[in-house]
Amino acid sequence: QVQLVESGGGLVQAGGSLRLSCAASGLTFRSYTMGWFRQAPGKEREFVGGISWSGGRTYYSDFVKGRVTISRANAKNTMSLQMNSLKPEDAAIYCCAAVRATYTSDICSSGTEYDYWGQGIQVTVSS
């Protein structure tokens, strides 16, 4: 059974930093491209960023570019999302997701392409 479990969420002041982690089990982690998504109340789910199976490629949405870094440790079956300079509009439930990697190491930004999802974790940013 595949499980993706997020941790590290919570409350942070605007301008602060937060590091989310995603622990995977039940799959061959190094065979999967990983992504982070978020959804705020009343808004659609949006792609934050992703990382290729090897960690050699990352892709970020414009609204977080320069403020976040995604990394992974295949030996530990974990992925992280380091978020800096957080803004109140970054508040949302953040989910990690996994999709089987392609030979081109593409990073998909569409949630419908992902095979597995975590349950999500709340990030709150106070102004």
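Here are some notes on the strands, cores and aromatic residues of this predicted model.

1. **Ground rules.** Because the model is predicted, local features need pLDDT of at least 70 and side-chain atom pairs count only at pLDDT 80 or more, while totals for chains, interfaces and linings use all residues. Residues are numbered from 1 along each chain as its sequence is written, and side-chain values use heavy atoms, with hydrogens and water left out.

2. **The sheet.** Let's start with the strands (E, DSSP runs of at least two residues, numbered from the N terminus). Four of them form an open antiparallel sheet in the order E1-E3-E8-E7. Strand E1 (3-7) and E7 are the edge strands, each pairing on one side only. From one strand to the next the twist averages 15 degrees, with axes as lines fitted to C-alpha atoms and angles running from 0 to 180 degrees between N-to-C directions. Two strands count as paired if DSSP finds at least two bridges between them.

3. If you trace E3 in the viewer, you can follow both of its partners. Five bridges join E1 to E3, and Leu4 stands opposite Ala24 in E3. Six bridges join E3 to E8, again antiparallel. In that pairing Leu18 has Met83 as its bridge partner, and Leu20 stands opposite Leu81.

4. **The largest core.** A nonpolar core here is a set of buried Ala, Val, Leu, Ile, Met, Phe, Trp, Tyr and Cys residues joined through side-chain atoms within 4.5 Å. Buried means under 20% relative accessible area, exposed over 50%, and partly exposed in between (1.4 Å probe, protein chains only). The largest core has 29 residues, and Leu20, Met34, Trp36, Met79, Leu81, Met83 and Tyr94 touch the most other members. Strands that each supply at least two residues of this core include E3 (18-25), E4 (32-39), E8 (78-83) and E9 (92-100). In soluble globular proteins, nonpolar side chains tend to be buried together.

5. **Met79 and the second core.** Leaving out residues up to four places away in sequence, its contacts include Leu20, Cys22, Phe29, Met34, Trp36, Ile51, Ile70 and Cys96; contact means heavy atoms within 4.5 Å. A second, separate core has six residues, among them Phe47, Ala97, Val99 and Tyr114.

6. **Aromatic pairs.** The whole structure holds six aromatic pairs. Rings of Phe, Tyr and Trp (its six-membered ring) pair if their centres lie within 6.5 Å; planes under 30 degrees apart count as stacked, over 60 as edge-to-face and the rest as tilted. Phe37 and Tyr114 are edge-to-face, because their ring centres are 5.1 Å apart and their planes stand at 80 degrees. Phe37 lies in strand E4 and Tyr114 in the loop between E9 and strand E10 (116-117), so this pair ties together parts that are 77 residues apart in sequence. Both residues are buried. Phe37, Phe47, Tyr59, Tyr114 and Trp117 form one aromatic cluster.

7. **Charges over rings.** The charged end of Arg45 sits over the ring of Phe37, 5.7 Å from its centre. Arg72 lies over the face of Phe29, at 4.3 Å from the ring centre. The criterion is NZ of Lys or CZ of Arg within 6 Å of the ring centre and within 35 degrees of the ring normal.

8. **The loop between E6 and E7.** Two residues of this loop are worth a look. Phe63 is found between strand E6 (58-60) and E7, and is partly exposed with a relative accessible area of 30%. Leaving aside neighbours within four places in sequence, Phe63 is in contact with Arg38, Glu46, Phe47 and Val48. Ser61 has its place in the loop between E6 and E7; at 13% relative accessibility, Ser61 counts as buried.

9. **Two positive phi values.** Asn77, in the loop between E7 and E8, has a positive phi of about 55 degrees although it is not a glycine. Ser85, in the loop between E8 and E9, has a positive phi near 50 degrees and is likewise a residue other than glycine. Asn77 is partly exposed at 24% relative accessibility, and Ser85 is partly exposed at 39%.

Definitions and conventions
Helix = DSSP H or I, 4+ residues; strand = E, 2+ residues; numbered from the N terminus.
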